[in-house]
Amino acid sequence: MAGCSDYDFEVLKKTVWFESLGEPLEGKFAIAHLIMNRARANRDCFGGNTIAGVCLAPMQFATWNNQKPECLHPHGKEWDWMDRCLPRTHAVCNVEQPETGVSPSARKRMGLDGSFAAERSLHFCNPTEKMPDWTRTMQKGVKIGKYQYYNEEKAPSIFNSEEKFVKQNYDYFLVLDFEATCVENSKIKPVQEIIEFPVAKLNASTLEVESVFHKYVRPTVNRQLSTFCTDLTGITQETVDQAEPLSAVLKSFDEWFESEGLHNSSFAFVTCGDWDLKTQLPNEAKYKNFVLPTYFSSWLNIKKSVTALTGVTRKGMKGLLEIMHIELKGRHHSGIDDVKNIVEITKWLLKKGHVIKNEDASANRIGAT
């Protein structure tokens, strides 16, 4: 966790004040502990390793969903207490024995003796409202005031079940993840173009990656990559300038597809979301006026597979890896590295006995022959 600046501490106090309005004293400390735990965890989804970053992370604390720190003006008796007591009682100020006049039992529940912090609670919610999906995979911790806290020790569920292999409906899963031209905070016109085309052939029985197709692709409409695109994907202008255009890469892919015997096998593409084969490839093919092979017309969305098995929904690949406690490999938004990570997610599902089937699939006919 990074150090605590004056700005960090001001944001912390405002966050705790707003989130814990009407809460008992121990509830105020519980919110503060949770924020500190998130900063120590140093995850992108939590806002990194600074206190202000954690507090201001998008859609994490209601305090900041619609306002900036300078626009929040705390007031009332609870703020007077917060401004007076939090700095000398919370662990962030390195005060080991705060003088709060709190009973020993309350101190234990608040974690001032280390018990709450030891639970490593990273999540909380109000159980009187609609319960978020993520609560299904967490172990309940302490309940203080209106809030239920959760530990990231997985609840007894599919997450800690033993491995069990079952026969799949497919012989192979072709894990695919495109990278494409992009600009910051805008849509690229007139068409987004694929610049990286990786596919891994995963044996559904052995869980071994038997072969990998990987090529970079030269864009032919917007030939110059934006700085944002290179920073995001790691793909340089020199790399795409030396690559073949999409039409040639698709021909190479079809040759690889044939050489791997996939025309005579049962297979399914696996993607993390629907964008790759529902949007990007058919849109670019339409703009450039070439026909795609029919095998690109259906795919399995791994996010739907995860939800089908666990009941948990996550927007992106990193979120899926986190709930499975799988470490991110390589660079996020490198197509080939993303494929490797999606392979690990797919293998995790298969090891849990999940049959990836049509219910997890998305279909999009693109007029291919």
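Okay, so when I say two strands pair, I mean that DSSP finds at least two bridges between them. Keep in mind that this is a predicted model.

Let's start with strand E4, residues 172-176. E4 is joined to strand E8, residues 267-271, by 4 bridges, and those two run parallel. One spot to look for there is Leu-174, which sits opposite Phe-269 of E8. E4 is also joined to E6, residues 194-203, this time by 5 bridges, and that pair runs antiparallel. If you want a landmark on that side, Tyr-172 has Asn-203 of E6 as its bridge partner.

Now over to the helices. H12, residues 317-324, packs on H13, residues 335-351, at about 40°, with the axes 10 Å apart. That angle makes H12 oblique to H13, and the crossing is left-handed. Who makes the contact? From H12 you've got Met-317, Leu-320, Leu-321 and Met-324, and from H13 there's Asp-338, Asn-341, Ile-342, Ile-345 and Trp-348. Sorted by class, that's 7 nonpolar, 1 polar and 1 charged.

H12 is largely enclosed by the rest of the structure, because 6 of its 8 residues are buried. Those are Met-317, Gly-319, Leu-320, Leu-321, Ile-323 and Met-324.

Technical notes:
Residues numbered from 1 in each chain as written. Predicted model: local features only at pLDDT ≥ 70, side-chain atom pairs only at ≥ 80, totals over all residues. Heavy atoms only, no water. Axes fitted to C-alpha atoms, helices over the stretch in contact; angles between N-to-C directions. Parallel < 35°, antiparallel > 145°, perpendicular 65-115°, else oblique. Left-handed = near helix turned anticlockwise from the far one by under 90°. Contact = heavy atoms within 4.5 Å. Nonpolar A, V, L, I, M, F, W, Y, C, P; charged D, E, K, R; others polar. Buried < 20%, exposed > 50% of the residue type's maximum accessible area, 1.4 Å probe, protein only.
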